[in-house]
Amino acid sequence: MIEVVASMARGPVFLAGEVMECLITFTNPISHLSTSASSEMLAWASAQIHCQFHASESRVALPAQGTKQDVQAESDTVLIPSRGEGGQCMLDTPPKILFCDLRLDPGESRTYSYSEVVPNDGPPSFRGQSVKYVYKLTIGCQRVSSPIKLLRVPFRVLVLHGMPEPPFPQDEEVAPSNPFLEEEEGGRRDDRPLERALDMLTITSRRCPHLFNITNMRGKVAKFCIFKTVYRLGEDIIGTFDFSEGDIPCIQYSVSLQSEEEIQQGYQRRPGQSISVMGHGRHLESCLHTASTHFSLPVPLNVTPGFSTDIVTLRWRLHFEFVTSREPMESHNVLQNQPEVTVWTGAEHVDVDTFSWDLPIKVLPTNPALTSYVSQFTGTNSINI
């Protein structure tokens, strides 16, 4: 028996275009129950990244494909990373050979490093109501005259649109060098895509207040102010309401952070198919006789930023709901030196109107190290072969 352990060095979340590194250890363990041990032999091992696509048959109409037999002969030495999985493999990287003819003595272990650039042309990791995009690192191992064993390590991919392509590798002899930088610091090329992405994300810190007048058929309800409409994962969405200039009393309001999952027209199962809406947080407040107030909604770290593919589009919005009174509501003033005790009771019946409003916003990725703390993946997996 050989134990195979794969562990991602920096966590299970990556930006597209970033270099993913994984340490893969092969061990021939010594069991305390066995009286004798022998050497173990592996013919080969290789690894590659692939993205698996799943679609709901009731909501997505995919073009018909030829039947494929998911059968792999015992003597076959070709690694098929998506073997045994449902859905379609829509993206994969070229396989990289880790070793050939590895012999491990009892108690011996070997560790190999696998690195690959996460493809820029793929979708982000997404688990929606209609479609799913799942990324996995697959390590294939095979003993001589034995079937291939697969070890899969799922991970999450964030896509930042507009990120520049990585530069072409240059020869070390002709590559420009900076004499003021040390050799080790200048050689950290793997971090440059991540640094460029984080620089692009700094635009979300800029604030430019947006003012909106909230009205209904009867008149002005409130003035709403939001400081920006572009947010990163983990940021707080903060908005303020000013009811002092309103003509219509507002009794209650709510704000919800929602995502809209829309199937492209060519892939809809039914014409005019509805959009899937999912809530990710809600703020509810009673605001009668309130001059001004505010709300704060965090953008969860585990959600998917907005994106669009040939099959699906994901958008984000703030959904507002207001409950207003049809009649003016008298406000009670407390006299400073009032000797008697006054008891206020709410009205038994109030005629109200309700209306809603949607404000589109943009949700962008953030530093992958932050989202790793709340990821459902561990970045580590093992198998015995």
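Two strands count as paired if DSSP finds at least two bridges between them. The close-ups below show a predicted model.

**View 1. Strands β1 and β3 pair in antiparallel fashion.** Strand β1 covers residues 3–8 and strand β3 covers residues 19–27. Six bridges join β1 to β3. Within this pairing, V4 stands opposite F26 in β3.

**View 2. Four strands make up an open, antiparallel sheet.** The order of the strands is β7-β3-β1-β21. Strands β7 (109–117) and β21 (380–384) stand at the edges; each has a single partner strand, so one side of each is left without a neighbour in the sheet. On average, and with direction ignored, neighbouring strands of this sheet are turned by 15° against each other. Strands of a sheet pair through backbone hydrogen bonds.

**View 3. R143 and E40 form a salt bridge between their side chains.** This contact is one of 13 salt bridges in the structure, with an N to O distance of 2.7 Å. The pair links distant parts of the chain, 103 residues apart: R143 sits in the loop between β9 (131–142) and β10 (149–158), and E40 belongs to strand β4 (residues 40–55). E40 has a relative accessible area of 15% and is therefore buried, since buried means under 20%. R143, at 22% relative accessibility, counts as partly exposed.

**View 4. A salt bridge joins the side chains of K96 and E116.** The N to O distance is 3.7 Å. K96 lies in strand β6 (residues 96–104) and E116 in strand β7; the two residues are 20 residues apart, and the pair links distant parts of the chain. Strand β7 is also an edge strand of the sheet in View 2. K96 is partly exposed, with a relative accessible area of 34%, whereas E116 is buried, with a value of 14%.

**View 5. The side chains of K220 and E245 meet in a salt bridge.** Nitrogen and oxygen are 3.5 Å apart in this pair. E245 counts as partly exposed, at 44% relative accessibility.

**View 6. Salt bridges link several side chains into a network.** The residues of this network are E260, E262, R315, R317 and D358.

How values were computed
Residues numbered from 1 in each chain as written. Predicted model: local features only at pLDDT ≥ 70, side-chain atom pairs only at ≥ 80, totals over all residues. Heavy atoms only, no water. Axes fitted to C-alpha atoms, helices over the stretch in contact; angles between N-to-C directions. Salt bridge = Lys/Arg side-chain N within 4 Å of Asp/Glu carboxyl O. Buried < 20%, exposed > 50% of the residue type's maximum accessible area, 1.4 Å probe, protein only.
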